[in-house]
Amino acid sequence: MHIVTAEEMRRLDRITIERLGIPAVALMENAGRAIAEEIIALCRRRGVGRAPLPARAARDGGAPHSAGAWAAGAAHEEAAAPGAGAAWNTAAGRALRGGNPSGGALAGAPKLHISGDAALMAEHAEDEHWLVLVGKGNNGGDGLVAARYLREAGIAVSLLYAVPPESLTGEAALQRDAAAAMGLPAAVHGGGSPGFAGYSGVLDALLGTGAAGAPRGAYAELIAAVNGSGKPVVSADIPSGLNADTGETHEPCIQASLTVCLAFLKRGLLQYPGSGAAGRIVVRSIGIPAGLAREEGLSAYWLTPAVLEGVLGVDVSRRRVPDGHKGTYGHVLVAAGSLRMSGAGLIAARASLRAGCGLATWAVPGKLLPLLVGAAPELMLADAGGQADGTWNAEAAEEVLNLAEKKDVLAVGPGIGRFQEDKEWLKRIWEGAECPLVVDADALNILAECDYRSWKSRREPVILTPHPGEMARLAGVSTMEIQRDRIGLALSYARERGVILVLKGAHTVIASPDGRIFVNTTGHPGMATGGAGDCLTGIIAGLLAQGLEGVQAAAFGVYLHGLAGEKAALLRDDPASVIASDIIEAL
Ligand SMILES: NC(=O)C1=CN([C@@H]2O[C@H](COP(=O)(O)OP(=O)(O)OC[C@H]3O[C@@H](n4cnc5c(N)ncnc54)[C@H](OP(=O)(O)O)[C@@H]3O)[C@@H](O)[C@H]2O)[C@@H](O)CC1
Ligand SMILES: [K+]
C-alpha cells in the first residue's frame, strides 16, 4: 500500500477529478460514507454485550448474538430461501437453513433474495449520540456527509461547527446545506469547552491534509476539550493537529481511538508520535484508483507481504530448491565482537544462519578464538588478528578482506568497540570488500567521523542500519531532529549518500538511493533490548547471502525481524521479556 504526503494526495485528487472526470463531491460522498460505516461498525462492536432488542431476538430465531450476525440479519429480507451467496452466510440465514442442510433452494421457491444495506444498519442505535466537529475545509465536508449516513442508520448526531457555517465553500458548503435540509441539529462553537456529557462519541472532522501549523483559535479549543472529555474519538483522514507528512503532533492534537484514513495512507500516520495519536487506522478507498499512485511514480510504501512480493519481488514463502545444498544459499562473513562484547558478534552470526544462509563464518580478534569454541556449533570461526587484549586494529582489515574473498556478504560492526585507527580499518574494508556490505553499530559511529564520500566508490551495495542515535551522528543533527521526520530524513540521506538506509526504531524506515521508501510496522516495544539490532544485521546479511538484492534484503529482513519479535513475545507471554536470542529462535 502506498504512503503519500499531503501534496501527493492533492495531486492524486486533482488527477481523479480533472483527468478521470469523477466529481469532487462524489469523492467526498464516498469519504463520508466510509467514515460513517466505520463508526457504525464501532457502535456495533460495543453494542455486543448489551441486552438484545426484543424485536431483533425474535427475528434471529434465537441464534447466537454477535455483531456481525445482527448486521446481516437485520439487513436481509429473505423473500425465499436463496441458493449459495454472501447473503446466505449469516446467522439468520444459517438458522433458516437449519431444516435444509444441503443449502439448496426450497422446492418451487423462486431464487430471489433482497439485501438491504448491511453496512449502514446499527444495532443499539438508540444508545448512540455522536457529536460531529466540523472544520472549514473538505475534512469538515467529509464529517457532514458522515453525519447524514449516521442519521440514516438511526444514530443521533449533532453538528458543532468550529467556524460560522457561512464560511464553508465548495463541496463542503454543499454538504452543509444538505445536512441543514435534513434537519441535523447544528451549533457554532462559541468559545470555552462544549459539554460532552450526552454524547457517546465524537467525530473529529476539523482539520485534514490542508491544515498548516498548530491548530488555531476555535480549532485548538475544541481539540483540547475533546481530549479532556474521555469520549471515544474517530478522526476523519488524520487526527486534527497532526502534521500529515512528518507525524509530528502539534499542540494540541486529537488523540483518536480510530482514524479512518481516506484513499491512501498519509505518511504522518505511520510515524510516531502521529501513529500513537491516530489509534487504530483503517484505510478506506473513496474512488481514487489505487493504480494512480504507481502511474504517478510515487514510491513510498507501507511494508506488507503484498508489497514485498508485488513491488520488491521477494519470495516471502522463503522456498528452498529441492536439490539445493548449503552452497546454494550463500556464505556470510561477520566481522564483529571484541573481548567485552563478543555476544553482539555471536548474535549477528547466529541470526544470519536462522535467516537461511548456507554457511556463516564469524571473524574475531584471534585472542578471543579459544574462548568462543563451541559457542554456536553451526558457526565457523576465523582469526582476524587484532591486538593481544582481544580488540581490533587497522591491520585486521586485511585479514577480514582475505576472508571475505570467497564470501557472498560481509557484515561489520556489532560489538567491535572503538580502537586506534578504526577509521582506517573501516575505509580499507569499505573500499576493498567486493561483496555487499552491511554496516552496523560501532562501525556506524566510525563512519560518522569519516568523509566517506571521498572513499573509492563501491560496486556492490552498502546497507547502513542505524538506530536514531547513530543516525543523528551520521547526519550530524540531533536525535530529536531525526525523529521529527524519519521518512523524509532517511530518504534524503539514502539519496545523497548512495546507500541503502535502515533507520531503526518504532516503524523502521528502509530507504533506497533510487527514492523508494518502505515503512515497516511489524514488531513491538519489547524488542528494544540489547542485541536486537545485531540480530537484524545478521538477518539482512543472511538474506543477502541467498541472493536477495540490497533493498529486498533490507526490507524483508526488517519485516521478518519484527515478525519474529512478535512470535517471541507470544511464546514468552509478555513483550517485555523478549531478549535478542528469543528473536533468533522465533525466526
Ligand atoms: N480534495 C478532495 O477532493 C478530497 C478531500 N478530502 C478531504 O479533504 C481534506 C483536505 O481538505 P482541505 O484541503 O480543504 O483542508 P482541511 O484540512 O479540511 O481544511 C483546511 C482549512 O482549515 C483552515 N486551517 C488550516 N490550517 C489551520 C490551522 N492550523 N488552524 C486552524 N485552521 C486551519 C484553513 O482555512 P483558513 O484559515 O486558511 O481560512 C483551510 O481552509 C482531506 O484531509 C480529506 O478529509 C476527501 O473528502 C476526499 C476528496
Ligand atoms: K480530522
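Analyst: Two residues are in contact here if their C-beta atoms, placed from the backbone, lie within 7 Å. Please keep in mind that this is a predicted model.

User: How many residues of domain 1 are in contact with domain 2?

Analyst: The domain assignment of the protein chain gives domain 1 as 3-45 + 125-296 and domain 2 as 306-316 + 327-585, and their C-alpha centres lie 42 Å apart. On the side of domain 1 that touches domain 2, the residues divide into 3 nonpolar, 3 polar and 2 charged. Facing 8 residues of domain 2, the number contributed by domain 1 is 8.

User: Which strands are the edge strands of the open sheet?

Analyst: The open sheet is formed by 7 strands with parallel pairing, in the order β6-β5-β4-β7-β8-β9-β11, and the twist from one strand to the next averages 20°. An edge strand pairs on one side only, and the two for which this holds are β6 (186-188) and β11 (280-284).

User: What is the bridge partner of V260 in β11?

Analyst: Strand β9, which covers residues 258-262, pairs with β11 in the parallel sense, and this pairing runs over 5 bridges. Strands of a sheet pair through backbone hydrogen bonds, either parallel or antiparallel. For V260, the bridge partner in β11 is V282.

User: In which sense, left-handed or right-handed, does α12 pass α20?

Analyst: Helix α12 (residues 342-354) packs against helix α20 (residues 532-545) at an angle of about 35°, with the axes 7 Å apart. Among the residues that make this contact are I347, R350 and L353 of α12, together with D534, I539 and A541 of α20. By class, the contact has 9 nonpolar, 4 polar and 2 charged residues. The crossing of α12 and α20 is right-handed.

User: Which element gives the most residues to the shell around ligand 1?

Analyst: There are 28 residues around ligand 1, and those that come nearest are G137, N138, N139, G208 and G210. The elements that give two or more residues to this shell are α2 (24-47) and α6 (138-152). With 5 residues, the element that gives the most is α6.

User: How many charged residues does the shell around ligand 1 have?

Analyst: Sorting the shell around ligand 1 by class gives 13 nonpolar and 10 polar residues. The remaining class in that shell is the charged one, and its count is 5.

Conventions. Residues are numbered from 1 along each chain as its sequence is written. Chains are lettered from A and ligands numbered from 1 in the order in which they are written. This is a predicted model: local features need pLDDT of at least 70, side-chain atom pairs count only at pLDDT 80 or more; totals for chains, interfaces and linings use all residues. A residue is near a molecule or strand if its C-beta atom, placed from the backbone, lies within 6 Å of it. Helices (H or I, at least four residues) and strands (E, at least two) are DSSP runs, numbered from the N terminus. Ala, Val, Leu, Ile, Met, Phe, Trp, Tyr, Cys and Pro count as nonpolar, Asp, Glu, Lys and Arg as charged, and the others, Gly among them, as polar. Domain bounds come from an automatic or database domain assignment. Axes are lines fitted to C-alpha atoms, for helices over the stretch in contact, and angles run from 0 to 180 degrees between N-to-C directions. A crossing is left-handed if the near helix is turned anticlockwise from the far one by less than a right angle, and right-handed if clockwise. Two strands pair if DSSP finds at least two bridges between them.
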